[in-house]
Amino acid sequence: MSPSFFFKVGIQYLVLWVDYETPDDREQSEERYVVMTAINEGTDSEPEINTGEDSEVVFTTESPTKLMAYLNKLASAH
């Protein structure tokens, strides 16, 4: 399973999944970096962030540079 990191943009929670650099090492054929919508099933002080059936992929890339540009764009928009 890939490591993941959650963050909040406005009221929307997002999860960033980071997979192995080498595609042959990955369990699925996804790109290395995937950002998905998520929900908080906990509270603001004790979040339980999960992706599920209603989650959508909002960004994918192989490039760490493109990922940083996307994340910077999100940060500057809010």
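Modeller: Buried means under 20% relative accessible area, exposed over 50%, and partly exposed in between, with a 1.4 Å probe and protein chains only. This is a predicted model, in which local features need pLDDT of at least 70 and side-chain atom pairs count only at pLDDT 80 or more, while totals for chains, interfaces and linings use all residues. Residues are numbered from 1 along each chain as its sequence is written, and side-chain values use heavy atoms, with hydrogens and water left out.

Biologist: Is Glu62 buried, exposed or partly exposed?

Modeller: Glu62 sits in the loop between strand 5 (57-61) and helix 1, where strands (E, at least two residues) and helices (H or I, at least four) are DSSP runs numbered from the N terminus. Its relative accessibility is 37%, so Glu62 counts as partly exposed.

Biologist: Which residue forms a salt bridge with Glu62?

Modeller: The structure holds one salt bridge, meaning a side-chain nitrogen of Lys or Arg within 4 Å of a carboxyl oxygen of Asp or Glu. The pair links distant parts of the chain, 36 residues apart, and the closest N and O atoms are 2.7 Å apart.

Biologist: With which residues is Val9 in contact, leaving aside its neighbours within four places in sequence?

Modeller: Val9 is one of the 10 residues of the largest nonpolar core, a set of buried Ala, Val, Leu, Ile, Met, Phe, Trp, Tyr and Cys residues joined through side-chain atoms within 4.5 Å. Counting contact as heavy atoms within 4.5 Å, and with those neighbours set aside, Val9 is in contact with Leu14, Leu74 and His78.
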